Amino acid sequence: MDDDKVFKALADPGRRMLLDRLCAQNGQTLGQLCEAMDMKRQSVTQHLGLLEQANLISTVRRGREKLHFINPVPLYEVYERWIRKFEEGRLSLLHDLKQELERKKT
């Protein structure tokens, strides 16, 4: 995974919106993705290109259409490397607190 490309892609709100749209309905065409975007088709195409370079989306040709699909693997890798290790400590503390409070109730 190229962390720099993934973080650069995620840094832009327009690209995050495209990912949100693909998450809601995977396999959309450029035209479908442009419908809810407040930008020109060329700008959306450039954003999709950056997302594809970061491996956050993939495309499949179906006849004359080019469908865009979200690829969750790089997001999971970011989660594994940057988020999960911080989550574990908090979850462990919450678990310990729950156990302690339940002991005090009895």
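In what order do the elements of the protein run from the N terminus on?

## Overall architecture

From the N terminus on, the order is α-α-α-α-β-β-α. These elements amount to 5 helices and 2 strands, where helices (H or I, at least four residues) and strands (E, at least two) are DSSP runs numbered from the N terminus. With a radius of gyration of 19 Å, well over the 13 Å that the globule rule gives for 106 residues, the protein is more spread out than a compact globule. That radius is taken over C-alpha atoms, and the rule is 2.2 Å times the number of residues to the power 0.38. The C-alpha trace spans about 65 × 25 × 25 Å along its principal axes.

## Basis of the description

The model is predicted: local features need pLDDT of at least 70 and side-chain atom pairs count only at pLDDT 80 or more, while totals for chains, interfaces and linings use all residues. Residues are numbered from 1 along each chain as its sequence is written, and side-chain values use heavy atoms, with hydrogens and water left out.

## Surface, burial and charge

The accessible surface of the protein is about 7700 Å², and 53% of this belongs to carbon and sulfur atoms; the areas come from the Shrake-Rupley method with a 1.4 Å probe. Of the 106 residues, 28% are buried. Buried means under 20% relative accessible area, exposed over 50%, and partly exposed in between (1.4 Å probe, protein chains only).

The protein carries 19 positive and 16 negative charges, whose mean positions are 4 Å apart. Lys and Arg count as positive and Asp and Glu as negative, without His and the chain ends; each charge is placed at NZ of Lys, CZ of Arg, CG of Asp or CD of Glu.

## Helix H1

Helix H1 (residues 3-11) has Asp3, Val6, Ala9 and Leu10 as its buried residues. Seen down the axis of H1, these residues fall within an arc of 135 degrees, so they line one face of the helix. The arc is that of the directions from the helix axis to the C-beta atoms. Asp4, Lys8 and Ala11 are exposed on the other side of H1.

The buried residues of H1 pack against helix H2 (13-24), helix H4 (41-53) and helix H5 (73-105).

Ala9 lies in helix H1 and counts as buried at 2% relative accessibility. Leaving aside neighbours within four places in sequence, Ala9 is in contact (heavy atoms within 4.5 Å) with Arg15, Leu50, Leu51, Ala54 and Leu56. The C-alpha atoms of Ala9 and Asn55 are separated by 9.7 Å, although the two residues are 46 residues apart along the chain.
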